[in-house]
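I opened a new model today and kept notes as I went. The sequence and structure come first, then my entries.

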Amino acid sequence: LKEFYIIPILLNLNLIIYILMVLFGLGFISFDTDDLFRLGGVEKDAVLDGDWWRLFTAMFLHGGLMHILSNLFTLFFIGIFTESIIGAKRFITVYILSGLGCSLASIYWHDNTVSVGASGAIFGLFGVMIALILLKAFSKKIDLGFLIMSSIFIGYNLLIGLFPNSDNAGHLGGLFTGFIFGIIISSTV
């Protein structure tokens, strides 16, 4: 693997924001929805009323301990592969665009629901890699193993998304955004 630069920044930024929320007494195991909203969680009416910045800030907030831990673990795992393959500039671009795609899908699908988390951006990283594999941008050694692992991750998370406090619309929005980005860059990887 090549060196990677952006993944440590994203991991630390997400973790620092979580730790600050804990230090300010907002919780530890889970956070109150009102606090997540005040800090920048995405919610349809607020965005439509002019709080466009929420589309961005929501991807750096997490609902609690398990949410941040699972996202950090998955971000690290997919991030080291993706950044080393597509490069730092493309990596941060797909991460941010997929996070925005997640937020947009979430507000399109949900009324009055506050959504937070890096999951949509992470799904976008899987999406870009799946597009690159399907368009044969890699050797066959990477293809099968990564497709199996990606399918398990995506399937598991979409299954969890059938339960409350998960946002499958956002997950799919991020996945689709990353996939489209992967198609666009496939000939240059």
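The entries below go from the whole chain to single residues.

**Entry 1: ground rules.** I am working with a predicted model, in which local features need pLDDT of at least 70 and side-chain atom pairs count only at pLDDT 80 or more, while totals for chains, interfaces and linings use all residues. Residues are numbered from 1 along each chain as its sequence is written, and side-chain values use heavy atoms, with hydrogens and water left out.

**Entry 2: the whole chain.** I looked up the secondary structure and found nine helices and zero strands. Helices here are DSSP runs of H or I with at least four residues, strands are runs of E with at least two, and both are numbered from the N terminus. The pattern along the sequence is α-α-α-α-α-α-α-α-α. The radius of gyration is 16 Å, close to the 16 Å that the globule rule gives for 189 residues, so the chain is as compact as a globular protein of that length. That radius is taken over C-alpha atoms, and the globule rule is 2.2 Å times the number of residues to the power 0.38. Along the principal axes, the C-alpha atoms fill a box of roughly 50 × 30 × 30 Å.

Entry 3: Buried means under 20% relative accessible area, exposed means over 50%, and partly exposed lies in between (1.4 Å probe, protein chains only). Of the contacts with a separation of 6 or more, 77% come from residues 24 or more positions apart; a contact means heavy atoms within 4.5 Å. The accessible surface comes to about 9800 Å², and 71% of it belongs to carbon and sulfur atoms. These areas come from the Shrake-Rupley method with a 1.4 Å probe, and for residues only the protein chains shown count as cover.

**Entry 4: salt bridges.** How many salt bridges does the structure hold? I found three. The term needs a side-chain nitrogen of Lys or Arg within 4 Å of a carboxyl oxygen of Asp or Glu.

- Aspartate 35 pairs with arginine 38, with the closest N and O atoms 2.4 Å apart. Both lie in helix α2 (residues 33–39), three residues apart, about one turn of the helix. An α-helix has 3.6 residues a turn, so residues three or four places apart point the same way. Aspartate 35 counts as buried because its relative accessibility is 15%, whereas arginine 38, at 57%, counts as exposed.
- Lysine 44 pairs with aspartate 111, the closest N and O atoms being 3.0 Å apart. This pair links distant parts of the chain, 67 residues apart: lysine 44 is in helix α3 (residues 44–48), and aspartate 111 is in the loop between α6 (88–109) and α7 (119–134). Aspartate 111 is exposed at 54% relative accessibility.
- Arginine 54 pairs with aspartate 51, and their closest N and O atoms are 3.2 Å apart. Arginine 54 is buried, with a relative accessible area of 4%, but aspartate 51 is partly exposed at 24%.

Entry 5: I checked asparagine 112, which is found in the loop between α6 and α7. Its phi is positive, about 55°, although it is not a glycine. Most residues other than glycine have a negative phi. Asparagine 112 counts as exposed, at 55% relative accessibility.

**Entry 6: helix α7.** Is α7 mostly covered or uncovered? It is mostly covered, since 15 of its 16 residues are buried. From first C-alpha to last, α7 reaches 22 Å, close to the 22 Å expected at 1.5 Å a residue. The expected span is 1.5 Å times one less than the number of residues. After α7 comes lysine 136, whose phi is positive, near 60°.

Entry 7: Serine 150 is found in helix α8 (residues 140–160). Serine 150 is buried, at 0% relative accessibility. Leaving aside neighbours within four places in sequence, serine 150 is in contact with Phe126 and Ile130. Helix α9 (residues 168–185) has 18 residues and reaches 26 Å, close to the 26 Å expected. Its buried residues include Gly170, Gly173, Gly174, Gly178 and Gly182.

**Entry 8: a nonpolar patch.** Which residues make the nonpolar surface patch of about 600 Å²? They are Leu15, Ile16, Ile19, Leu20, Leu23 and Phe24. Patches are made of residues with over 30% relative accessible area and no salt bridge; like charges are joined within 9 Å, and nonpolar side chains (Val, Leu, Ile, Met, Phe, Trp, Tyr) within 5 Å. Isoleucine 19 is found in helix α1 (residues 6–23) and is partly exposed, at 37% relative accessibility.
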